[in-house]
Amino acid sequence: ISHARAAEVPIVVAVNKIDLPDANPDRVKADLATEGLQPEDWGGDTQFALVSAKQKQNLDDLLERILLVADAELELQANSKAEGSGPIIESRLDVGRGPVATMLVQRGTLHVGDAIVAGDAHGKVRALYDYRGEKVKEARPGTPVEILGFNVPPPAGELARVVEDEREARTLAQRRGQRLRTEQLAQRSKGGVSLETLFSQLQEGAVQDLNLVLKGDVGGSVEAAISELGKIEHPEVRVNVIHQGVGPITEGDIMLAATSDALVVGFNVRPNAEARALAEREAVDIRTYRVIYQLTEDIEQALVGMLSAVQTEEVIGEAEVRALFKVSRLGTIAGCMVTQGVIRRNSQVRVVRDGTVIYDTTIAQLKRFKEDAREVAEGFECGILLEGFNDVKEGDVLEAYETREVERTSLDEPAGTTPAATS
């Protein structure tokens, strides 16, 4: 939707399956309204048709709205005599037919036998199929058509165009591919990465981003996965897709991951034997998925593992200084009454004077009736020697607390030290 809006492409929305008992067209309208598609009956300018493809309900209304938008907003004129060109809408790797790309011819006419290039993909048009799946010999402006003949599935969104011959197509594709590889390998690093090693590398300052090489069987699946991954946001860690493509996981993908500290993620595709062997040698982690939610859940868990632990504090007790005793070889011992909780030996303690923390240290010695004590409970007296601090005064409050690290289990948990809690 965002790409269509950026290109000012008129949109007609067909809300399907309205024949189902739980159909809620208003909810669909509300969701799309947040994306900038305001329905006409809500005061906007977007045509909505409520249809049921299975029951063939309101299809005439949909066609009328398409014609209305076409007549009102589009200038349906194109040079059909020029060389064919237009964007790649979708691409996939078909087991029986090889790379298949869907192209919307916007200018010129595409013929069987034309040399064609789209991004780093090139080839010669071996066959054309219309939207009914029937073979055609040519595709004129405004016609969507399936193309067989590319060497690899071209990326969705790339401009495909006819060139003079296959040699020129191959040269242009190689230049484009080299430029992409140069950009992807601009930042090199050593070794591979796996989900199990991300946390330790983060502790060493080696990993801040979770780099991914993402491959899928269909261009739309790859775009959907990237869209879902883009929704994962956190100030400390982030997902960075350094390369995306359609087709099986290859040795080139593994080498790119090895030089970029990236994970290789396959969506409905698998690595070939050479790529798997290279991944083992380069210590590159390959993860394959069939459901997009499993992919996003795994990535979220990987990012959680990259987060630093949360420091939590718990106030375990307070003691009021009521007398001071000077000991030449030790320093100043504070005679205290435990007013709340418990005071433990070696615990951390804050010296609070008139409501202000003036020093933070630990309890070096804790005594009761001149005997060393492990802890002193509320309502009892004790003697406390503070580590490195002798300027304690009567009336000071010694606030004992404990600090521990808690691993975060969700990206929603805040970082840093949580406020102290009173026991």
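Trainee: Which strands do the buried residues of H2 pack against?

Mentor: In this predicted model, the buried residues of H2 pack against strand E1 (12–15) and strand E2 (47–50).

Trainee: And which residues of H2 are buried?

Mentor: Helix H2 covers residues 25–33, and its buried residues are Pro25, Lys29, Leu32 and Ala33. Looking down the axis of H2, you find these buried residues within an arc of 105°, so they line one face of the helix.

Trainee: What about Lys17, where does that one lie?

Mentor: Lys17 sits in the loop between E1 and H2, and its phi is positive, about 60°, although Lys17 is not a glycine.

Trainee: Is Lys17 buried or exposed?

Mentor: Lys17 counts as exposed, because its relative accessibility is 52%.

Trainee: Let's zoom out for a moment. How many helices and strands does the protein have?

Mentor: The secondary structure comes to 9 helices and 24 strands. The protein has 423 residues, of which 40% count as buried, and it exposes about 24100 Å², with carbon and sulfur atoms supplying 47% of that area. As for the contacts between residues at least 6 apart in sequence, 67% of them join residues at least 24 apart.

Trainee: Now the open sheet of 4 strands, what is its order?

Mentor: The order is E13-E12-E14-E15, and the pairing is parallel. Strand E13 (238–246) and strand E15 (286–289) are the edge strands, each pairing on one side only, and from one strand to the next the twist averages 25°.

Trainee: How many bridges join E12 to E13?

Mentor: Strand E12 (residues 209–216) is joined to E13 by 8 bridges, and the two strands run parallel. Within that pairing, Val213 has His243 in E13 as its bridge partner.

Trainee: And on the E14 side, over how many bridges do E12 and E14 pair?

Mentor: E12 and E14 pair over 6 bridges, again in the parallel sense, and the bridge partner of Gly216 in E14 is Phe267.

Trainee: How many residues of E14 are buried?

Mentor: E14 is mostly covered, with 6 of its 6 residues buried. Ala262, Val264 and Gly266 point one way from the strand, while Leu263, Val265 and Phe267 point the other way, and all are buried. As a general point, side chains in a regular strand alternate between the two faces of the sheet.

Trainee: Which helix lies across E12, E13 and E14?

Mentor: That is helix H6 (residues 219–230), which lies across E12, E13 and strand E14 (262–267) and runs at about 175° to E13.

Trainee: I also have Asp261 on my list. Where is Asp261 found?

Mentor: Asp261 is found in the loop between helix H7 (251–260) and E14. Its phi is near 50°, which is a positive value in a residue other than glycine, and at 18% relative accessibility Asp261 counts as buried.

Trainee: Then H8, which of its residues are buried and which are exposed on the other side?

Mentor: In helix H8 (residues 273–282), the buried residues are Ala275, Leu278 and Ala279. They cover an arc of only 105° around the axis, which puts them on the same side of H8, whereas Ala273, Glu280 and Arg281 are exposed on the other side.

Trainee: What do the buried residues of H8 pack against?

Mentor: They pack against H7 and E15.

Trainee: Changing topic, how many disulfides does a search of the whole structure find?

Mentor: The search finds 0 disulfides. Cys336 is in no disulfide, and the nearest cysteine sulfur to its own, that of Cys382, is 5.2 Å away.

Technical notes
Residues are numbered from 1 along each chain as its sequence is written. This is a predicted model: local features need pLDDT of at least 70, side-chain atom pairs count only at pLDDT 80 or more; totals for chains, interfaces and linings use all residues. Side-chain values use heavy atoms; hydrogens and water are left out. A disulfide is a pair of cysteine sulfur atoms within 2.5 Å. Buried means under 20% relative accessible area, exposed over 50%, partly exposed in between (1.4 Å probe, protein chains only). The arc is that of the directions from the helix axis to the C-beta atoms. Contact means heavy atoms within 4.5 Å. Accessible areas come from the Shrake-Rupley method with a 1.4 Å probe; for residues, only the protein chains shown count as cover. Two strands pair if DSSP finds at least two bridges between them. Axes are lines fitted to C-alpha atoms, for helices over the stretch in contact, and angles run from 0 to 180 degrees between N-to-C directions.
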